[in-house]
Each structure stands twice: as structure tokens, then as C-alpha cells.
Amino acid sequence: MSDTESLGGDLFAEPENYYKEAPSHHSAQYERKTDKLPHKIDLRLIGSSPLWGHLLWNAGIFTADYLDKHSEELVKGKDVLELGAAAALPSLICGYNDAKTVVCTDYPDADLINNIKHNVENAKDLDQSKVLVEGYIWGNDYEPLLEKIRGTNKDKKFDLIILSDLVFNHTEHHKLLKTCQDNLEKNGKCLVVFSPHRPWLLDADLQFFETAKEYGFKSEKIDLVKWKPMFEEDEETVDIRSRVYSFFLTFDETK
């Protein structure tokens, strides 16, 4: 993410000789909307992150809800890749719903990756052997990701790729889509969920789905819901900031 595209301006600028102790980890609890066990999932979040991995986003909650409700179709027995996982809630939900393998990734920042590993290792009654954590930069060599699911099938790719609240990274759209193009099974799906946290850039967010056509994808809108916005800002933009968009990307067979 470029400095000009950050949610809060220049995230790295501090006064000269300024020191502030790094915020400590904090926690969040997710309550499942199904009758599946466990009913609640405890998550540890990092104290702060310029990569915005220290929050449990509305998009992540929506993604978890959706996967939990549609697990028979989307998750059970499937190989799943999550990009930009943050606290890894969707990956945990896939693990609980009998995914064959979940490869859970985020930027290879030590705090982020160690926190994801903590959440996997401390998830109650989760088969941890099926949820694998890997640092990954979008667009880079993805053989280390694919080798985790291939076994004897050297052509195997992921059945489901999860992109939860990633499209605000406008400069990274091409890398994200190239990663999806090269790692998705021909009959697979990308689940893309996001909220327009910067309402003045909504068109740039939605451009992701136009750019996806260049990579052989077609988009299908799943839903548009309105939840309490993540940030308290001006009332004029509440309607846009409250939105949670969800789409599937699938390969366009007509091309």
C-alpha cells in the first residue's frame, strides 16, 4: 500500500525524537451465526500495524459468516488459500468446516505471522495440521504455497481463494489478480468481500472487478449489506462506509 493510499495518511511519520511504546496485543471474540461448534472463537489481534492487521474488520466477519453458512459447497474437502489474513478468522472457519487444507497467508511481518500462528495453535478443537500459515507477498513466487496442497498431483491448485478487505490496496490490484489467476482451479472461486473505508475512492475499489476481466475473470455480486462503520467519521459518508460488498470471481469460460 502506498503512503497516499493509507487509511489514515502517512502511517510512519512521527515527530523527531518521539518514542512511544508499542501497543500490546488485544483480543476479540467472534460468535458464529450457525449451531456449529465451537460457538465462539477467540482471536488475538496485534497491537498495531501499518498493514491494518490489528483490527477485526466487518468484511472478515461477513466472510466468516458466509463461509460458515455455505461450507458444504465452498469449504468441505476443498483446498483454500486466504490472502491478507490478518487475524485469520476466515481461515479458522474453513478449518472448522473440514477444508482439506487451508493455507493462511499475510505479509511476512514477524508480528503478523506469529499472531496468526498463535490463533491457529490456540483454536479450540481445530485440526491444526490442516491450517498452514505462511508469509507471502502478492505476486511473488507461489510454489511454496502450492506445494502445501499438491502431494502427488503436481497440477493441483486452490478451490477457493479468500480476499477479505484487500481491494483498498489499489496499487496492488494487478498483483492480487495475477496471484488468483495462477493459483485457482479452473472451476474454483475467489470470494472477495470489502467495505469502502475511504468513500471518495469507492470507484477505485470497484475498479478491481473491471481489472479482473483482464485476467480472465467474471464477477458475480453476492450481497450488499450495511453494518456499523469501522471508523467514526463524518455523518455524510456513513451510508457508503457502512456497506459490505461481496462478490465471487470465477473464470470466464467464454474467453
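This is a predicted model: local features need pLDDT of at least 70, side-chain atom pairs count only at pLDDT 80 or more; totals for chains, interfaces and linings use all residues.
Which backbone oxygen lies 2.8 Å from a polar atom of the side chain of Ser 195? That of Arg 243.

Residues are numbered from 1 along each chain as its sequence is written, and side-chain values use heavy atoms, with hydrogens and water left out.

The protein chain has eight helices and nine strands. Those are DSSP runs numbered from the N terminus, with helices being H or I of at least four residues and strands being E of at least two. Of its 255 residues, 53% count as buried, where buried means under 20% relative accessible area, exposed over 50% and partly exposed in between, with a 1.4 Å probe and protein chains only. Contact means heavy atoms within 4.5 Å. Among contacts in the chain with a separation of 6 or more, 70% are between residues 24 or more positions apart.

Now the helix pairs. Helix α1, residues 58–69, packs against helix α3, residues 89–96, at an angle of about 15°, and their axes are 8 Å apart. That angle makes α1 roughly parallel to α3, the term for angles under 35 degrees, while over 145 is roughly antiparallel, 65 to 115 roughly perpendicular and the rest oblique. Axes are lines fitted to C-alpha atoms, for helices over the stretch in contact, and angles run from 0 to 180 degrees between N-to-C directions. From α1, Gly 60, Ile 61, Thr 63, Ala 64, Leu 67 and Asp 68 meet Leu 89, Pro 90, Ile 93 and Cys 94 of α3. By class, this contact has seven nonpolar, two polar and one charged residues. Here Ala, Val, Leu, Ile, Met, Phe, Trp, Tyr, Cys and Pro count as nonpolar, Asp, Glu, Lys and Arg as charged, and the others, Gly among them, as polar.

Tyr 96 is also found in α3. Tyr 96 counts as buried, at 13% relative accessibility. Leu 37 is 59 residues from Tyr 96 in sequence, and their C-alpha atoms are 8.2 Å apart. Not counting residues up to four places away in sequence, Tyr 96 touches, among others, Leu 37, Pro 38, Ile 41 and Leu 126.

The second pair is α6, residues 173–183, with α7, residues 202–211, at an angle of about 40° and with axes 10 Å apart. His 173, His 174, Leu 176 and Leu 177 of α6 make the contact with Ala 204, Asp 205, Phe 208 and Thr 211 of α7. The buried residues of α7 are Leu 202, Asp 205, Phe 208, Phe 209 and Thr 211. Their cover includes β6, α6, β7, β8, α8 and β9.

Back to Ser 195, in the loop between β7 and α7. Is Ser 195 buried or exposed? Ser 195 counts as buried, at 2% relative accessibility. Leaving aside neighbours within four places in sequence, Ser 195 is in contact with Asn 58, Asp 165, Arg 241, Arg 243 and Val 244.

Last, Lys 156, in the loop between α5 and β6. Lys 156 is buried, with a relative accessible area of 12%. Its side chain makes a polar contact of 3.3 Å with that of Asp 159. A polar contact is a pair of N or O atoms within 3.5 Å; within protein, one must be able to donate a hydrogen and the other to accept it, and residues adjacent in sequence count only if both atoms are side-chain atoms.
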